[in-house]
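Open the viewer alongside them and take the points in turn.

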Amino acid sequence: LMAAEVYRNAARGVRAVTFSEHPPKLGNPFLGFEVPSFHSEHWDPFWRACEETSTVVCLHIGSSSNVKMTSLDAPFATMMNLQPTAVMETAADLLWSRVVREFPGVRIALSEGGLGWIPYLLERADYVQERQGVWTGSHFGDRLPSEVFREHFLACFISDRAGLSMLDKIGVDSVCVEVDYPHSDSSWPYSPERLADQMDGLSAEDVAKIT
């Protein structure tokens with residue numbers, strides 16, 4: 001049914017679909033309701049449909065109905081501060097999964113996850129593969145995990161000076177702007193002004209790619 005809907009909408013000109021950042025977290029094993037992970041073949045018809053139609057899979061922070069909380073009595077701002085890091089888990093989960101190997105045409109957008117965490121994740125991924133790849137059985141052909149990431153993932157930011165200062169480590173072709181209107185985290189109504197201020201110092205070519 002999911003695959004059929006992707007094909008149906010692609011025929012209408014739709015080029016993106018929303019999916020959960022962590023499908024298993026939507027289930028409840030205690031009630032006998034489990035949802036397969038990204039590593040399951042259950043979703044293969046969906047991935048195949050997205051690949052064949054060039055439909056980008058958008059994984060938004062919080063779409064697993066789980067939030068990043070340190071404790072139940074922590075201030076709500078703690079969760080808001082940490083929530084973008086949830087997509088770091090999603091990126092790592094998919095980067096090391098069979099999805100990116102068996103469906104090389106799939107592109108994944110990490111919606112509202114920001115950029116600043118990406119250089120470390122990619123550096124760490126390359127190091128893990130170098131030091132642990134033999135016994136973990138992970139393989140990326142003749143490429144590094146960081147190279148595979150740049151082929152498959154789009155990172156979306158609202159406000160992230162740290163990330164923009166490390167574009168050379170992220171890959172400018174993997175970065176997109178978002179404004180998150182009408183949520184309270186949005187840069188609206190000063191989105192153009194804030195964006196111009198953040199991108200001050202970038203080349204005109206990089207600005208054009210990001211926007």
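This is a predicted model: local features need pLDDT of at least 70, side-chain atom pairs count only at pLDDT 80 or more; totals for chains, interfaces and linings use all residues.

1. At what angle do helix α6 (residues 118-136) and helix α7 (residues 145-152) pack? The angle is about 135°, and the axes of the two helices are 8 Å apart.

2. To see how α6 and α7 touch, show the side chains on both. From α6 come I118, L122, A125, D126 and Q129, and these meet P145, S146, F149 and R150 of α7. By class, this contact has five nonpolar, two polar and two charged residues.

3. Staying with α6, turn to its contact with helix α4 (residues 86-95). Here the axes come within 11 Å and cross at roughly 30°. α4 and α6 are therefore roughly parallel to each other, and their crossing is right-handed. On the α4 side the contact is made by M88, A91, A92 and L95, while α6 brings Y120, L121 and A125. The residues here are seven nonpolar, with no polar and no charged ones. A125 is worth a click: this residue of α6 takes part in the contact with α7 and also in the one with α4.

4. Next, look at helix α1 (residues 2-11) and helix α2 (residues 44-53). Their axes cross at roughly 15° and come within 8 Å of each other. The crossing of α1 past α2 is right-handed. α1 contributes M2, A3, V6, Y7 and A10 to the contact, and α2 contributes P45, F46, R48, A49, C50, E52 and T53. Sorted by class, these residues are nine nonpolar, one polar and two charged.

5. Some backbone details deserve a look of their own. As background, most peptide bonds are trans, and most residues other than glycine have a negative phi. Against that, the peptide bond from Y181 to P182 is cis, with omega near 10°. W188 and P189 are also joined by a cis peptide bond, with omega about 5°. Where do you find P182? Look in the loop between β5 (175-177) and α10 (191-198); P189 lies in the loop between β5 and α10 as well.

6. S54 is another backbone point to check. This residue is not a glycine, yet its phi is positive, at about 55°. You will find S54 in the loop between α2 and β2 (56-60).

7. How much space lies in the largest pocket? The value is about 450 Å³. Its lining is made up of 23 residues, and those nearest the centre of the pocket are I61, M80, P84, E112 and D185. Two elements, α3 (76-82) and β4 (153-157), each give two or more residues to this lining. Of the elements, α3 gives the most, with three residues.

8. What is the make-up of the pocket lining by class? The lining of the largest pocket has eleven nonpolar, eight polar and four charged residues. To see this for yourself, colour the lining by class and start from the residues nearest the centre, among them E112 and D185.

Conventions. Residues are numbered from 1 along each chain as its sequence is written. Side-chain values use heavy atoms; hydrogens and water are left out. On a 1 Å grid over the protein atoms alone, a cavity is a set of points where a 1.4 Å probe fits but cannot get out, and a pocket is an open set with protein on both sides within 12 Å along at least five of seven lines; lining residues have an atom within 4 Å of a point. Grid points are joined across faces, edges and corners, and a volume is the space filled by probe spheres set on the points. Helices (H or I, at least four residues) and strands (E, at least two) are DSSP runs, numbered from the N terminus. Ala, Val, Leu, Ile, Met, Phe, Trp, Tyr, Cys and Pro count as nonpolar, Asp, Glu, Lys and Arg as charged, and the others, Gly among them, as polar. Axes are lines fitted to C-alpha atoms, for helices over the stretch in contact, and angles run from 0 to 180 degrees between N-to-C directions. A crossing is left-handed if the near helix is turned anticlockwise from the far one by less than a right angle, and right-handed if clockwise. Contact means heavy atoms within 4.5 Å. Angles under 35 degrees count as roughly parallel, over 145 as roughly antiparallel, 65 to 115 as roughly perpendicular and the rest as oblique.
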